[in-house]
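Biologist: I have not looked at this one before. Can you take me through it, one piece at a time?
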Amino acid sequence: MALLSPQDRQTLTAHLAPISRKVDLLLFTQTIGGSESGLIAKQVADEVASLHEKIAVVEKNFVLDTDDRAKYGVDKAPALVVLGDGADTRIRFYGANTGYEFVSLVEAVLLAGTGDLELEPETVASLAAVDKPMHIQVFSTPT
Amino acid sequence: MDLSRRYRITGVPKTIVNDTVEILGGLPESDFVDAVLQRADGASPS
């Protein structure tokens, strides 16, 4: 059963229309011994991918695809790695993107698919001056 | 360890920077950037 209503699909399709780059959503799930959120994460990812021809879901096995887990630093499942034109955006989603976090996923896809930061020039300048690694985790859904 | 316990997540959104800095709630863009960049130098968590 589709997650989105026809009206929502129309709205989101228009919102994602500016995408010009290929967007791959690498979805790491654990089918055996994993949580039910993996199934939900897949359903959400598939729904987003259906909104634009340049968005694709690439399924990865959290247990078996060890090389990709190491490459993308995935240590929890379900996990979504966002690639733009094959390049790692370093955006990660852990857990299922339901509720308000569906919007976060859509915006991340739009960012990866267009390269448009939509940040203030002052912000871009401040971030360009960062000279040490920064790991930013945003908790958005309580367990 | 469960992440929500490790980072004492009692409300969302909560942003953790470099495992040391905590930012509670949503902030306007400039305020968020200031908080992330200023506090990421090892300042005490809020």
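Biologist: In what order do the four strands of the open sheet in chain A come?
Modeller: This is a predicted model. In it, the order in chain A is β2-β1-β3-β4, and the pairing is mixed.

Biologist: Which strands stand at the edges there?
Modeller: β2 and β4 of chain A. Each has a single partner strand, so one side of each is left without a neighbour in the sheet. On average, neighbouring strands are turned by 25° against each other, direction ignored.

Biologist: How many bridges are there between β1(A) and β3(A)?
Modeller: Six, and the two strands pair in the antiparallel sense. Leu25(A), for one, has Val82(A) in β3(A) as its bridge partner.

Biologist: And β3(A) with β4(A)? How many bridges there?
Modeller: Five, again in an antiparallel pairing; β4 covers residues 87–94 of chain A. The bridge partner of Leu80(A) in β4(A) is Phe93(A). The hairpin of these two strands has two residues between the strands, and Asp85(A) takes a positive phi near 55° in it.

Biologist: Helices next. Which strands does α2(A) lie across?
Modeller: β1, β2 and β3 of chain A, running at about 170° to β1(A). α4(A) lies across β1, β2, β3 and β4 of chain A, at about 25° to β3(A).

Biologist: Which residues touch the most other members of the largest nonpolar core?
Modeller: Leu25(A), Leu27(A), Ala45(A), Leu80(A) and Val109(A), out of 29 residues in that core. The elements of chain A that each supply at least two residues of this core are α1 (6–16), β1 (23–29), α2 (37–49), β2 (55–61), β3 (79–84) and α4 (101–114).

Biologist: What is Ala45(A) in contact with, leaving aside its neighbours within four places in sequence?
Modeller: Leu25(A), Leu27(A), Val57(A) and Leu80(A). There is also a second, separate core of five residues, which includes Val17(B), Val21(B), Ile23(B) and Val36(B).

Biologist: I also clicked on Val74(A). Where does Val74(A) lie?
Modeller: In the loop between α3 (66–72) and β3 of chain A.

Biologist: Is Val74(A) buried or exposed?
Modeller: Buried, because Val74(A) has 21 C-beta neighbours inside 10 Å, and the cut-off for buried is 20 or more. Beyond its neighbours within four places in sequence, Val74(A) is in contact with Phe28(A), Arg69(A), Ala79(A) and Val81(A).

Biologist: How many residues are in contact between chain A and chain B?
Modeller: 15 residues of chain A are in contact with 16 residues of chain B. On the side of chain A that touches chain B, α5 (121–128) and β5 (136–139) each supply at least two residues. β5(A) gives the most, with four residues.

Biologist: How do the residues on that side of chain A divide into nonpolar, polar and charged?
Modeller: Six are nonpolar, seven are polar and two are charged.

Biologist: Which strand of chain B is joined to β5(A) by bridges?
Modeller: β1, residues 14–17 of chain B, through four bridges, and the two strands run antiparallel. Ile136(A) has Val17(B) as its bridge partner in β1(B).

Biologist: What is the order of the three strands in that open sheet?
Modeller: β5(A)-β1(B)-β2(B), with antiparallel pairing. β5 of chain A and β2 (21–24) of chain B stand at the edges, each with a single partner strand, so one side of each is left without a neighbour in the sheet. Neighbouring strands are turned by 20° against each other on average, direction ignored.

Biologist: And within chain B, how many bridges pair β1(B) and β2(B)?
Modeller: Four, in the antiparallel sense. Lys14(B) stands opposite Leu24(B) in β2(B).

Biologist: Last topic, confidence. What is the mean pLDDT of chain B?
Modeller: The mean is 82, and 80% of the residues of chain B reach 70 or more. Among its elements, β1(B) has the highest mean pLDDT (93) and helix α2, residues 29–39 of chain B, the lowest (86). Over residues 42–46 of chain B the pLDDT is below 50, and this stretch has eight contacts in the model beyond near neighbours in sequence.

Biologist: What ipTM does the predictor give the complex?
Modeller: An ipTM of 0.83, with a pTM of 0.88.

Technical notes: Residues numbered from 1 in each chain as written. Chains lettered and ligands numbered in written order. Predicted model: local features only at pLDDT ≥ 70, side-chain atom pairs only at ≥ 80, totals over all residues. Contact = placed C-beta atoms within 7 Å. Nonpolar A, V, L, I, M, F, W, Y, C, P; charged D, E, K, R; others polar. Pairing = 2+ DSSP bridges. Core = buried A, V, L, I, M, F, W, Y, C linked by C-beta atoms within 7 Å. Buried ≥ 20, exposed ≤ 12 C-beta atoms within 10 Å, placed from the backbone. Axes fitted to C-alpha atoms, helices over the stretch in contact; angles between N-to-C directions. pLDDT = per-residue confidence, 0-100.
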